Amino acid sequence: MSSIPVQSPLTFPAWPQHGAEEREGLLHVLEQEGWWRNGGSEVDSFEREFADLHGAHRAIATTNGTHALELALSVLGVGPGDEVIVPAFTFIATSLAVQRVGAVPVPCDVRPDTYNLDVEAAARLVTPRTKVVMPVHMAGQLADMDALAELAAATGVTVLQDAAHAHSARWRGSRVGELGSIAAFSFQNGKLMTAGEGGAVLLPDDETHREAYLRHGCGRPPGDRLYAHLTQGSNFRMNEFSATVLRGQLSRLEAQVTLREERSRHLAALLGAIPGVVPQDRDERCDRMAHYMAMVRLPGITRDRRLAVVDALLEHGVPAFVAFPPVYRTAGYFQGPAVGDVDEIAKRCPVSEEIGSDCLWLHHRVLLADTPVLDRLAEVFADVVAAN
Ligand SMILES: *Cc1c(COP(=O)(O)O)cnc(C)c1O
């Protein structure tokens with residue numbers, strides 16, 4: 001690795017952020033009689049506010065985003081013998097949730113421009129066992145929800161949105177909760193709003209809400225005192241502390257997403273002008289992108305050189321990360337004959353193979369910085385790429 005001297009490392013806004021809302025909320029919960037959802041009203045209030053923000057009928061808050069996906073899959077009746085189509089390029093939780101309910105995650109290639117699910121490729125993977133197709137809204141850009149709706153109508157497969165990156169995003173004016181499908185979110189420490197850990201599902205109707213409520217609390221109906229376990233499930237309940245913190249986080253979300261939209265256009269233009277650097281493309285039908293990450297590809301770069309670039313960026317104070325390997329290349333991925341071997345899957349996922357080695361991303365707190373800082377960042381980025 002050749003290095004350029006670091007004069008003064010760049011500094012960016014901190015993440016997570018908090019203020020009086022979170023502090024006062026936490027003190028309030030501390031003093032209330034109970035700290036679980038049945039001991040107060042913070043979880044109830046948060047669910048209502050989160051559903052309203054996204055135009056959803058109802059929401060259920062959960063322990064984390066992986067559990068939100070597991071809960072959603074179980075509400076949809078997914079279990080052993082079923083297949084779920086997942087993007088090959090995603091964080092492993094998308095696949096793990098499917099595995100936890102006993103179903104088979106079938107990796108599908110993504111698009112080279114948006115890194116979102118290639119819906120034509122997904123159509124080729126539908127079998128009589130396919131129950132769900134699970135798009136991930138990569139970096140907060142909604143997947144092609146029009147093509148997915150067509151696929152669902154043509155095949156009877158149900159769409160489940162992995163919206164872990166997509167708080168407050170929109171598709172042709174529709175909010176995530178207005179697209180007719182269940183959507184699962186994460187509030188893990190790095191996500192666009194956070195309580196350290198946490199998750200939620202948006203539900204489109206009373207029936208799915210009732211099922212999700214039962215299944216997130218050991219099958220018990222609201223107010224149950226009789227140990228009535230009306231269905232199977234687990235304990236995925238959020239606590240009151242997390243909910244009050246998330247209500248505080250909600251108060252900042254909209255302004256932050258708006259700011260990131262502005263800054264990301266500025267940064268993408270600068271980075272896109274650097275030879276060898278191609279920023280994630282924007283499908284303008286996603287008319288509000290949440291920007292969980294600022295992603296770029298360095299086509300043709302080797303894995304070693306990519307890591308050297310990320311290390312050099314970190315030395316300059318830029319929070320940079322290598323992007324996900326294809327899920328099927330990790331030991332965490334489903335083991336069994338139902339999916340075929342890695343080489344077979346890799347052959348039908350050429351784009352995920354490439355992105356898995358040439359993509360890197362910057363933390364979304366970068367997009368909350370002032371434009372002169374982003375101008376400096378682009379200079380540093382150009383120098384680092386040229387030197388490595
Ligand atoms: C973060 C994330 C999840 C799961 O979230 P946790 O809260 O960490 O369990 C699921 N899918 C994607 C794409 C994610 O990035």
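This is a predicted model: local features need pLDDT of at least 70, side-chain atom pairs count only at pLDDT 80 or more; totals for chains, interfaces and linings use all residues.
Me: Is S186 buried or exposed?
Reply: S186 sits in strand 8, which covers residues 182-186. Its relative accessible area is 6%. Buried means under 20%, so S186 counts as buried.

Me: Against which elements do the buried residues of helix 4 pack?
Reply: Helix 4 spans residues 93-100, and its buried residues are A93, T94, S95, A97 and V98. These buried residues pack against helix 3 (65-75), strand 2 (83-87), strand 3 (104-108) and strand 5 (158-162).

Me: Which residue just after helix 4 takes a positive phi?
Reply: Helix 4 ends at residue 100. Just after this helix, a phi of about 90° is found at G102.

Me: Is helix 1 roughly parallel or antiparallel to helix 8?
Reply: Helix 1 (residues 20-31) and helix 8 (residues 240-272) pack with their axes 8 Å apart, at an angle of about 160°. Angles over 145 degrees count as roughly antiparallel. Helix 1 is therefore, relative to helix 8, roughly antiparallel.

Me: How many residues of the contact of helix 1 with helix 8 are charged?
Reply: In helix 1 the contact includes E21 and E22, and in helix 8 it includes E240 and R252. The residues of this contact divide into five nonpolar, five polar and, as charged ones, four.

How values were computed. Residues are numbered from 1 along each chain as its sequence is written. Side-chain values use heavy atoms; hydrogens and water are left out. Helices (H or I, at least four residues) and strands (E, at least two) are DSSP runs, numbered from the N terminus. Buried means under 20% relative accessible area, exposed over 50%, partly exposed in between (1.4 Å probe, protein chains only). Contact means heavy atoms within 4.5 Å. Axes are lines fitted to C-alpha atoms, for helices over the stretch in contact, and angles run from 0 to 180 degrees between N-to-C directions. Angles under 35 degrees count as roughly parallel, over 145 as roughly antiparallel, 65 to 115 as roughly perpendicular and the rest as oblique. Ala, Val, Leu, Ile, Met, Phe, Trp, Tyr, Cys and Pro count as nonpolar, Asp, Glu, Lys and Arg as charged, and the others, Gly among them, as polar.
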